[in-house]
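Trainee: I am new to this structure and would be grateful for a guided introduction. May we look at the model together?

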Amino acid sequence: MSAMKFVCSQGDLNTHLSIVSRAVPSRPNKPVLANILVNVDEVDQRITLTSFDETLGIQTSFSAHVDTGGILTVPAKLLGDIVAKLPPEDLDFSQAGSEPVITLTCSAGEYQVRGMDATDYPNLPLVEDGQVASVSAESILEGLRGALFATSSDETKQVLTGVHVVAEPENLEFAATDGHRLAMVQSIDDSGMNLSIKVTVPGKALRELERMLQAYHGTDPITLRFNPTQVVFELGHQRITTRLLEGQYPNYRQLIPRQFERQLTIDRKQLMAALERIGVLADQRNNIVKLSIANTAQTLALSVEAQEVGSGREEMSAQVTGDDLDIAFNVRYLLEGLRALPSSEIQLQCNSATSPAILTPVSGLQMTYLVMPVQIRN
């Protein structure tokens with residue numbers, strides 16, 4: 001076999017190494033999983049990098065000048081740290097003989113990194129027998145921005161650490177709940193998507209997908225491939241594959257009240273700014289803020305009583321229908337929901353101080369954010 005030899009730019013390699021490094025496990029079950037699989041293709045003049053933690057796999061590729069192709073695995077962290085600190089110029093890589101050692105040469109000097117044979121590296125799961133669909137990148141990004149933040153970080157409630165995705169022809173729904181709040185986004189996808197699925201996708205994989213989509217400036221749709229255990233997202237020369245979460249996702253639609261006795265319409269940024277200010281005091285006392293809705297005055301007042309520390313109160317005008325009400329919430333839950341609602345005005349609807357409240361945007365995206373109130377102890 002002739003030894004591998006190629007030249008690529010430091011910028012490209014650095015960018016793509018940082019993309020794949022996110023699926024390298026910090027405590028790998030097998031030593032080879034601490035490495036990245038580097039596939040150098042002479043025919044396509046491309047380099048493909050792959051990482052896999054046995055649940056999440058990321059693959060990305062970029063063009064390079066390839067003299068001789070080959071395949072090898074190299075330590076992800078070591079190579080990433082070296083390349084990140086090199087000057088922005090072309091880097092020369094070669095592998096002499098059959099040893100899994102790669103030599104990197106540039107104006108700064110020469111580095112040798114010892115890898116491992118590629119034969120030990122597991123193949124990324126492919127979904128060849130499942131459903132396939134094209135979905136616009138925009139409608140997926142919209143769903144992720146509106147739901148991902150509400151997933152649970154509690155690993156014991158495994159199914160709640162993911163986002164539940166329901167797809168029907170031309171309709172996509174993303175839902176996430178951690179037991180205290182629920183975020184649900186419905187988007188209409190008219191790119192001819194013909195899917196019928198209900199799956200729960202791990203939040204970790206979707207955070208990587210969101211990151212990828214935010215950096216993507218093309219107009220091509222994303223290809224989704226599903227089977228009962230696995231999903232693959234393909235975008236240009238990048239691919240994310242992940243195992244789906246098992247278990248029954250809660251029936252979240254039945255949590256949303258059918259009708260409301262009280263409704264309030266308010267400026268979203270003004271409410272966020274007030275919550276951020278008053279949140280400084282709420283932080284001193286279990287993060288709870290009281291909302292006082294007043295019909296006659298058409299106002300909303302926010303107040304915090306932090307014993308032995310101080311108190312705060314702000315008032316702003318709002319359009320109010322229904323009777324007056326005092327209701328309390330966790331400040332962080334309110335703020336995270338408001339950040340995800342993409343309209344200048346929002347609506348808050350509720351029935352009582354102990355039943356769930358709903359936040360929705362007044363225009364634009366179809367999003368529902370349900371949050372459970374906290375009981376006020378006087």
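Mentor: Two strands pair if DSSP finds at least two bridges between them, and helices (H or I, at least four residues) and strands (E, at least two) are DSSP runs, numbered from the N terminus. The model is predicted: local features need pLDDT of at least 70, side-chain atom pairs count only at pLDDT 80 or more, and totals for chains, interfaces and linings use all residues. Residues are numbered from 1 along each chain as its sequence is written, and side-chain values use heavy atoms, with hydrogens and water left out.

Trainee: How many bridges join strand 19 to strand 20?

Mentor: Strand 19 covers residues 288-294 and strand 20 covers residues 299-306. Ser292 stands opposite Ala301 in strand 20. The two strands run antiparallel, and the number of bridges joining them is 5.

Trainee: Which residues touch the most other members of the largest nonpolar core?

Mentor: A nonpolar core is a set of buried (under 20% relative accessible area, 1.4 Å probe, protein chains only) Ala, Val, Leu, Ile, Met, Phe, Trp, Tyr and Cys residues joined through side-chain atoms within 4.5 Å. The largest such core has 102 residues. Those touching the most other members are Leu300 and Leu302.

Trainee: Within what arc do the buried residues of helix 1 fall?

Mentor: The buried residues of helix 1 (residues 10-20) are Gln10, Leu13, His16, Leu17 and Val20. They line one face of the helix, because, by the directions from the helix axis to the C-beta atoms, they fall within an arc of 145°.

How values were computed:
Buried < 20%, exposed > 50% of the residue type's maximum accessible area, 1.4 Å probe, protein only.
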